[in-house]
Amino acid sequence: MEIIALFFSAILINNFVLHYFLGICPFLGVSKKIDSALSMGLAVTFVMSITAAVSWAINHWILIPYQLDYLQIVSFILVIASLVQLVEMFLRKISPPLYQALGIYLPLITTNCAIFFLALMAALKNYNFIETVIFGIGSGLGFTLAIILMAGIREQLDLADVPEALKGAGISLIVAGIMALAFLGFSGMIK
Amino acid sequence: MDILVPILTMAALGLFFSVGLVFAYKKLRVYEDPKIEIVSEMLPQANCGACGYSGCRAFAAAVVKGEAPPENCPVGGEEVANQIADTLGIKAGEIIKKVARVHCRGTWNAAKSRGSYLGISTCFAAHLIGGNKQCSFGCLGLGDCVLACAFDAMYMSEEGLPVITEDKCTACGKCVDACPRSILDLQPISQEIIVFCRSEDRGPIARKVCKNACIACGICVRACPDAIILENYLAKIVDFKKIDPEKIPDIEKCPTDSIGRLKKENER
């Protein structure tokens, strides 16, 4: 029961983008079209779930037994960077158009603070292995949900009459803020 | 001694991940012909898609593979085609210079309006509710094509129709895609006679909604039966090369001015 609660709270309540405001760079950068937003979301979900598992293993089997907790940050970054390289090679092989569409934002997943936050958060909260993986998948899906909603709104925004000064990033950030307010409605549903 | 533990741990972790990546790279490596990069750099990088590929890079890949001839890039034209052909050791074919043409003469005066349109100021939006002219085939006059043009080759005339500057037009076809009513298309620049109407309404209706609509009277067809036919109450040029230059005055007897040569003063 607690695992289900953790899963849904990662998606809706403690949504990384709309609650913690992490990972805003790809959230604004790749949310112009729904299909590239979906692929970005899935790439992040993939990296997040694997990162959660691998970083848990490193943390519990290597870092904690040898009292090397202070290496958490650098070793988690290593995990994330390697996984992003893997995803990049994989995407380039199976879908060159998608690789082109994601462009610079794909390698930038490496520096996506949302993923790093996930690894640190799981270590901080002392989740066990299953909880960590569920937390990772849920957070990834939460990111995917947020970026797809954003892309859907931005596709409509193309037809709207936006004041000159707010065009582009300005209106997108306002929309993100309103979305965050809407998601605030979920808070308190799960303790 | 204490310092050795973290150093060795990080080294071991780094080694582990790099070995993993090396194996993954061997499995997932994508071989790319270096010629693709070279050809791609020669192309104009407009990424307009006029060649039928998704961008300059995709076109370069197709040329290198031999799937597309180098002269298919209308923006680069002859110069780029020859350059690519030289690099790849193949022969470039002859280029037929094309240019975008407007197939409507429904100016604000000529075409009757249905009312004033106050919605979103794009043709795409106006087309959804039928536009502001009674003619449901004519130019909507809000300039989606002008916005789409990346080469500054179009502008809207005061009469509400797009005008194309032949010298600047590269025949990339972006305006053709932008027009929700297919008013524009690409034609060889040597084709003098153009049909200036897209209306498939029957003659009497077409005449009622626009002074310059094709009413399918057949005067042009009688002048050049080999080259011009009537299709869906609209004159259609089947093969412009068969139009006899001496018959052009006969064609231009068109009672509604919906076929003929461009008028040089404002329709270039």
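Tutor: Along its sequence, chain A runs in the pattern α-α-α-α-α-α-α-α. The model is predicted, so local features need pLDDT of at least 70 and side-chain atom pairs count only at pLDDT 80 or more, while totals for chains, interfaces and linings use all residues. Residues are numbered from 1 along each chain as its sequence is written, and chains are lettered from A and ligands numbered from 1 in the order in which they are written.

Student: How many helices and strands does chain A have?

Tutor: Helices (H or I, at least four residues) and strands (E, at least two) are DSSP runs, numbered from the N terminus. On that basis, chain A has 8 helices and 0 strands.

Student: What percentage of the residues in chain A is buried?

Tutor: A residue is buried if 20 or more other C-beta atoms lie within 10 Å of its own, exposed if 12 or fewer, and partly exposed in between, with C-beta atoms placed from the backbone. Chain A has 191 residues, and the buried share of them is 39%.

Student: Against which helices do the buried residues of helix 1 of chain A pack?

Tutor: Helix 1 (residues 2–13) of chain A has A:Leu6, A:Ser9, A:Ala10, A:Ile11 and A:Leu12 buried. Contact between two residues requires their C-beta atoms, placed from the backbone, to lie within 7 Å. The packing partners of these buried residues are helix 7 (129–157) and helix 8 (169–184) of chain A.

Student: Which residues does A:Lys33 touch, not counting residues up to four places away in sequence?

Tutor: A:Lys33 is found in the loop between helix 2 (24–29) and helix 3 of chain A. Because 14 other C-beta atoms lie within 10 Å, A:Lys33 is partly exposed. Its C-alpha atom is separated by 8.5 Å from that of A:Ile148, 115 residues apart along the chain. Not counting residues up to four places away in sequence, A:Lys33 touches A:Ala151 and A:Glu155.

Student: Which element gives the largest share of the side of chain A that touches chain B?

Tutor: In all, 17 residues of chain A are in contact with 16 residues of chain B. The elements that give two or more residues to the chain A side are helix 3 (34–63) and helix 4 (72–94) of chain A. The largest share, 10 residues, comes from helix 4 of chain A.

Student: How many nonpolar, polar and charged residues does that side of chain A have?

Tutor: Ala, Val, Leu, Ile, Met, Phe, Trp, Tyr, Cys and Pro count as nonpolar, Asp, Glu, Lys and Arg as charged, and the others, Gly among them, as polar. The side of chain A that touches chain B has 12 nonpolar, 3 polar and 2 charged residues.

Student: Which residues of helix 3 of chain B are buried?

Tutor: Helix 3 (residues 56–65) of chain B is mostly covered, with 7 of its 10 residues buried. The cover includes helix 2 (34–42) and helix 4 (77–88) of chain B. The buried residues are B:Cys56, B:Ala58, B:Phe59, B:Ala60, B:Ala61, B:Val63 and B:Val64.

Student: Is B:Ile193 buried or exposed?

Tutor: B:Ile193 lies in the loop between strand 4 (184–188) and strand 5 (194–195) of chain B. B:Ile193 and B:Gly260 are 67 residues apart in sequence, yet 4.9 Å apart in space, C-alpha to C-alpha. Because B:Ile193 has 21 C-beta neighbours inside 10 Å, it counts as buried.
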